[in-house]
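Dear colleague,

Please find below the structure that I am handing over to you.

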Amino acid sequence: MATEKQSHNQTERCQHRGSAHTEAFARCARTQPQQPGVYRSGPQHSHLFICKPCTIRPRSVRASRLNGANARSGQSGHKLPHTYTDTQTDAIMSLTVELFDLPAHQFRVFWGASGSMWQSLWDRFLDFTGDNPLALWTVGSYVYTSLIYWSIGLAYTLLDVTGRPAVLRRYKVQPGTNEPVDPARLRTVIRQVLFNQFCTGLPLLFLMYYLLPGQTRDTIRQLPTFVTVVWQLGVCILIEEVMFYYSHRLLHDGRIYRYIHKRHHEWTAPIAITAMYAHPVENVLSNLLPIAVGVWTTGCHISVAWLWFTLAISNTLHVHSGYHLPLLPSPEQHDYHHLKFNQCYGVLGVLDWLHGTSEMFHRSKQAKRDYIMTSLEPVRETHPDQ
Ligand SMILES: [Zn+2]
Ligand SMILES: [Zn+2]
């Protein structure tokens with residue numbers, strides 16, 4: 001890691017909300033001082049100076065604006081960027097702006113000033129692992145995604161094998177199935193998933209690395225802004241919905257179904273780790289590429305890619321789990337797909353709605369149970385079969 005030591009000028013310009021005031025305590029919000037007055041930064045680091053009042057006391061600064069008082073300007077050299085009159089109109093306008101600006105401001109404080117905490121944690125993580133982009137994007141991603149898959153997957157599998165804690169059996173989507181799960185079938189699934197992860201997942205990670213924009217590979221140390229994370233995750237989710245839906249429908253075509261996708265549908269009542277129990281061709285086409293293309297398209301930072309992998313993997317494990325648990329994604333649609341074969345091909349359900357491939361589902365009892373539970377009462381008891 002290239003480190004750079006420098007002392008910041010005591011009166012840097014504060015970049016908070018585009019203001020022009022100066023502050024004796026201006027500091028870079030993206031770094032943590034390693035020792036007083038000396039900051040550490042990565043090769044791609046650009047300094048973001050936030051003055052102390054803007055970082056620590058945003059509410060009092062806003063209040064002083066609304067009152068037209070430059071209360072803090074006399075203290076610690078903080079100059080407010082604008083002059084406010086005491087007229088009612090200005091007060092209302094200021095209040096309106098503040099109300100709409102508040103969430104954005106809080107996020108900025110969270111990801112900007114507090115972002116120094118995330119940046120510091122990320123720096124410490126990279127100091128431990130090393131910051132070689134090739135190793136992180138390939139082996140690092142392989143180890144990380146495998147850990148996510150098997151930690152969540154094995155927790156569900158333990159439940160399937162032991163049937164304990166017994167209270168969770170009330171949350172089964174198809175009661176009586178896999179209680180307990182057949183050990184021979186379970187071993188087959190574990191072998192296939194491990195094969196798929198090593199023989200298709202790892203090579204695809206290498207391919208993904210070499211297709212990434214150079215800038216993405218070079219900016220490992222600098223975390224992205226909050227807004228960047230949000231729009232890149234949004235694009236990844238949309239791309240996955242489109243690619244998974246159409247590739248999944250293709251795999252259901254009568255001419256090729258029995259050669260590839262039939263293996264995944266051996267489980268009419270799936271369990272969590274059957275999420276990647278599939279023919280290797282299906283695993284690349286329908287499981288991995290819809291996730292990887294979002295990363296290529298957005299050229300996102302590796303931390304965003306790992307966040308995206310976490311969301312995608314945990315979601316597919318939950319929807320295959322066979323349990324509809326409180327506060328977790330609803331498995332009803334995909335479980336119904338395994339039960340009926342020709343309904344609910346997508347992830348979000350938007351394309352199923354557009355193509356009319358979820359009409360039977362929407363007339364079913366399962367559709368009434370298709371929501372994120374916020375109470376402990378199982379959906380099958382809230383909406384019984386009869
Ligand atoms: Zn499935
Ligand atoms: Zn299918």
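Where is the place of Pro165? Pro165 sits in the loop between α5 (133-162) and α6 (183-211); helices here are DSSP runs of H or I with at least four residues, numbered from the N terminus.

Please note that this is a predicted model, in which local features need pLDDT of at least 70, side-chain atom pairs count only at pLDDT 80 or more, and totals for chains, interfaces and linings use all residues. Residues are numbered from 1 along each chain as its sequence is written, while chains are lettered from A and ligands numbered from 1 in the order in which they are written.

Cis peptide bonds

Most peptide bonds are trans, and most residues other than glycine have a negative phi. The bond from Arg164 to Pro165, however, is cis, with omega near -5°. Glu179 and Pro180 are also joined by a cis peptide bond, for which omega is about 0°. Pro180 likewise lies in the loop between α5 and α6.

Positive phi angles

Leu327 is not a glycine, yet its phi is positive, at about 70°. This residue belongs to the loop between α10 (302-320) and α11 (332-340). Leu327 is exposed (12 or fewer other C-beta atoms within 10 Å of its own, with C-beta atoms placed from the backbone), its count being 8.

Phe341, again not a glycine, has a positive phi of about 75°. Phe341 is located in the loop between α11 and α12 (350-355). With 13 other C-beta atoms within 10 Å, Phe341 is partly exposed, a class that falls between exposed and buried (20 or more).

Yours sincerely

Definitions and conventions
Helix = DSSP H or I, 4+ residues; strand = E, 2+ residues; numbered from the N terminus.
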